[in-house]
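Subject: Structure handover

Hello,

Here is the structure for you to look at. Please open it next to this email and follow along.

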Amino acid sequence: MAITAGGDLGAGDLAGKRILVPESRDLDLFAGMMEQHGAETIRCPMVKILDLDDPAPARQWLETLLGEGFDDIVLLTGEGLRRLMKVARAIDREADTVAAIGRARVFVRGPKPVKALREIGCTPYKSAPAPTTDGVIAALATEDLAGRRVGVQLYPDNPNEPLLDAVRARGGLPVAVTPYRYANDSETGAVQAAIREMAEGRIDFVAFTASPQVRRLHEVADACGLGDAFREGFARTRIAAVGPVVAEAVEAAGGTVAVSPESTFHMKPLVNAIRKLLADGAG
């Protein structure tokens, strides 16, 4: 069920709750948000975002943007745009890249790519009605893309053929790029310990902010013979998901989302949604 934060929430309303935090990039920020309301956090970063080992695919995509140009651009993540801009700076074409993006119609999956666009002085042409692949496909459904070159920024571990097929179905010519990669961040031993604590009922919530965190937890369980413990822990631990993409990953791994922000898919609304759930007597 989706819980919307609000109401009279107390300063220490997470007191006594142990919350597993798989976040990596903003780990201290996210954990601190919950600790200031009394929570005990178990910090277990699951996934690190890194530059490509070989930036050639990103450079080639940028060369197409700067040469032939894209009529339309689809941005799935804010991180993707920031990594592309990093490559653009490395080849001394930052201003040209911003200008080329500004000439295209830019479709975005959610608020994070909107924020990244604003950082370079650009705005989206259209936002997806929901921050999912299906949402992006819906945003494209009313567009005539016949003969138009469409630059599509993907994210690691997901070639997203449904999205590319949707572009082709509208007559577009997709040119895809995945401008960053994931690396495992947490030591396997720490992940194993987290799985066991979940199975033993010693964790009240696990707060997922990205779908690769869910996959990493599941992969470690399978690789280390902890499949039964993972399933037991996932069934008994309340799961908080920052948005629908993460919720889908949780459900695919056999879990049930207890709480999620209704419309604003960021860390602070997620913390407030957990607090609201507890304030409503589900704690």
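First, a term: two residues are in contact when they have heavy atoms within 4.5 Å. Helices (H or I, at least four residues) and strands (E, at least two) are DSSP runs, numbered from the N terminus.

A word on the source. This is a predicted model, in which local features need pLDDT of at least 70, side-chain atom pairs count only at pLDDT 80 or more, and totals for chains, interfaces and linings use all residues. Residues are numbered from 1 along each chain as its sequence is written, and side-chain values use heavy atoms, with hydrogens and water left out.

**Helix 8 and helix 10**

Start with helix 8 (residues 188-199) and helix 10 (residues 227-236). Their axes come within 7 Å and cross at roughly 55°. Axes here are lines fitted to C-alpha atoms, for helices over the stretch in contact, and angles run from 0 to 180 degrees between N-to-C directions. Helix 8 is therefore oblique to helix 10. On this scale, under 35 degrees is roughly parallel, over 145 roughly antiparallel, 65 to 115 roughly perpendicular, and the rest oblique.

Which residues meet there? Helix 8 brings Ile195, Met198 and Ala199. Helix 10 brings Ala229, Phe230, Glu232, Gly233, Phe234 and Arg236. By class, this contact has six nonpolar, one polar and two charged residues. Ala, Val, Leu, Ile, Met, Phe, Trp, Tyr, Cys and Pro count as nonpolar; Asp, Glu, Lys and Arg as charged; the others, Gly among them, as polar.

Glu197 is in helix 8. Is Glu197 buried or exposed? Glu197 counts as buried, because its relative accessibility is 16%. Buried means under 20% relative accessible area, exposed over 50%, and partly exposed in between (1.4 Å probe, protein chains only). Not counting residues up to four places away in sequence, Glu197 touches Arg18, Arg202 and Ile203.

Thr188 also lies in helix 8. At 32% relative accessibility, Thr188 is partly exposed. Leaving aside neighbours within four places in sequence, Thr188 contacts Arg216, Val220 and Cys224. Thr188 and Arg216 are 28 residues apart along the chain, and their C-alpha atoms are separated by 9.7 Å.

**The cores**

A nonpolar core is a set of buried Ala, Val, Leu, Ile, Met, Phe, Trp, Tyr and Cys residues joined through side-chain atoms within 4.5 Å. The largest has 49 residues. Those with the most contacts inside it are Phe30, Met34, Ile195, Phe208, Leu217, Phe234 and Ile274. Helix 12 (residues 267-282) gives the most to this core, with seven residues. A second, separate core has 23 residues, including Trp61, Leu75, Ala104 and Val114.

**Helix 2 and helix 3**

Helix 2 (residues 56-66) and helix 3 (residues 78-90) pack at about 80°, with axes 10 Å apart. So helix 2 is roughly perpendicular to helix 3. Ala58, Arg59, Trp61 and Leu62 in helix 2 meet Leu84, Val87 and Ala88 in helix 3. These residues divide into six nonpolar, no polar and one charged.

**Two loop residues**

Asp92 lies in the loop between helix 3 and helix 4 (94-103). Its phi is positive, near 60°, and Asp92 is not a glycine. Asp92 is exposed, with a relative accessible area of 67%.

Asn160 lies in the loop between strand 7 (149-153) and helix 7 (161-169). Asn160 has a positive phi of about 50°, although it is not a glycine. Asn160 counts as buried, at 4% relative accessibility.

Best wishes
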